[in-house]
Amino acid sequence: MRKFSGDTLLVATHNAGKLEEIATLLKPYDIQVVGAAEKKLDEPEETETTFVGNARIKAHAAARATDLPALSDDSGIEIDALDGAPGVFTADWAETENGRDFVVAMTKAHNRILASKSKPPWTARFCCTLVLAWPDGHDEVFTGTIEGRIVWPMRGAQGHGYDPIFQPNGYDLTFGEMDGAEKNRISHRADAFGKFVKGCFD
């Protein structure tokens, strides 16, 4: 396992919510976190069919372009009633003519669950794959998940993405209703991040 060295980590995302979440998790390590937008990086086309494949594309493209170690995250929600969809297409379901709209995506997910005739509870999980890539082409991979279920109607205005319809196991609140610090403590990203920190920092 290669350790991280240096004082700057590029996070290969244009998603401000994701960048803030990762920067918060890295705060104890006194590392400057910069995003892809700050470095004016284009988003590479995600052509793989797995979270790790797409995360690798983003991390290596960013590391090559900036000569910095780059961390990318590919994450999404898998709904069992939909045979694991939307999965790697989680963000694509939010695409509209006016940009991404996750209310549209959550509504689509709910409508498809109803069409599947699946009976609740509608089990689901959030998955996260982190890839840390170096400019020399080396990478390390870390995965995390959190199990839960899909609820309807949407609840809460915290978080981002599908958070208002995902209720993690053992909790009465959805991610959309949960305090950000609490969500960051238990999320799929926190699970992957814990492994990343243990492997590359501790």
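View 1. E182, with a relative accessible area of 25%, is partly exposed (buried means under 20% relative accessible area, exposed over 50%, and partly exposed in between, with a 1.4 Å probe and protein chains only). R185 counts as exposed at 56% relative accessibility, and the two side chains meet in a salt bridge of 3.1 Å, N to O (a side-chain nitrogen of Lys or Arg within 4 Å of a carboxyl oxygen of Asp or Glu). E182 and R185 are three residues apart in helix α4 and are therefore separated by about one helical turn (helices are DSSP runs of H or I with at least four residues, strands runs of E with at least two, numbered from the N terminus). This is a predicted model, in which local features need pLDDT of at least 70 and side-chain atom pairs count only at pLDDT 80 or more, while totals for chains, interfaces and linings use all residues. Residues are numbered from 1 along each chain as its sequence is written, and side-chain values use heavy atoms, with hydrogens and water left out.

**View 2. The salt bridge between D139 and R56.** The closest N and O atoms of D139 and R56 are 2.8 Å apart. Because D139 lies in strand β7 and R56 in helix α2 (residues 51-66), the pair ties together parts that are 83 residues apart in sequence. D139 counts as buried at 16% relative accessibility, whereas R56, at 35%, counts as partly exposed.

**View 3. The salt bridge between R125 and E147.** The side chains of R125 and E147 meet at 2.9 Å, N to O, and the pair links strand β6, which holds R125, to strand β7, which holds E147. R125 is buried, with a relative accessible area of 15%, while E147 is partly exposed at 35%.
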